[in-house]
Amino acid sequence: NKDRTLLAVRNFVEARHKGKSNLISDSSLAAIYDVASRFDPVGANPRKSVRLADFAIAMALANGRTEIQPQDVLNYASQLYNFDLNELTPAKISSKLRGFDIVLNQKLVGLESQKRRIKEIVADHYLHQLGGETFLPTAFMLYGEAGTGKTQLAKESAAALGYGFTRLMIADFQVRDGAEKFAARLAQAIRANPFQVILLDE
């Protein structure tokens, strides 16, 4: 899969950026694959690698660069995905978790067991990122009577993380072709901002 993806990216670069393919060395191309794969749970799909390579070349040309180094890939990916990959250090993640805890406690009174579970999920999320693993989405269910704080918990969790928030009402898709419309709306939300909390509200 990796070899096929690298070949697809190299072919794309040579076709789209004629005479500029030398901007990306083999080591930088490998860095593009490694970084892009972290945002693609499938791993075998080369589109994210191609998009990152295209963005990296465009940025390099705009800034008069003659070569893209592996470290440049990390910076370009941070811009493309709107997520600072350079923040993934133990000290900074620890600081993020403390900040998340403070914000959530300030915004939400009560719901102690629910907040504790959310914090555990967020800690695991950051630890996976620190290990250089794929940015897999995390899903969990909030249940309870109306007015018990489910939506507010999801919304404030997103704010505490610095993530976006999208609320999709399942009732809006209980129509003809609802499944297709729901899939399209969900994909649109993720493309707009891959780092967000998406609440599927029944």
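**Cores and a helix pair in a predicted model**

Visitor: Which residues touch the most other members of the largest nonpolar core?

Guide: This is a predicted model, where local features need pLDDT of at least 70, side-chain atom pairs count only at pLDDT 80 or more, and totals for chains, interfaces and linings use all residues. Residues are numbered from 1 along each chain as its sequence is written, and side-chain values use heavy atoms, without hydrogens and water. A nonpolar core is a set of buried (under 20% relative accessible area, 1.4 Å probe, protein chains only) Ala, Val, Leu, Ile, Met, Phe, Trp, Tyr and Cys residues joined through side-chain atoms within 4.5 Å. The largest has 23 residues, and those touching the most other members are Ile24, Leu52, Ile68 and Val73.

Visitor: How are helix 1 and helix 3 oriented to each other?

Guide: Helices are DSSP runs (H or I, at least four residues), numbered from the N terminus. Helix 1 and helix 3 pack with axes (lines fitted to C-alpha atoms over the stretch in contact) 9 Å apart, at an angle of about 40 degrees. Angles under 35 degrees count as roughly parallel, over 145 as roughly antiparallel, 65 to 115 as roughly perpendicular and the rest as oblique. The two helices are therefore oblique.

Visitor: Is leucine 153 buried or exposed?

Guide: Leucine 153 is in helix 7, residues 150–161. Leaving out residues up to four places away in sequence, leucine 153 touches (heavy atoms within 4.5 Å) Leu108, Gln114, Lys115, Ile118 and Leu142. Its relative accessibility is 3%, so leucine 153 counts as buried.

Technical notes. Buried < 20%, exposed > 50% of the residue type's maximum accessible area, 1.4 Å probe, protein only. Axes fitted to C-alpha atoms, helices over the stretch in contact; angles between N-to-C directions.
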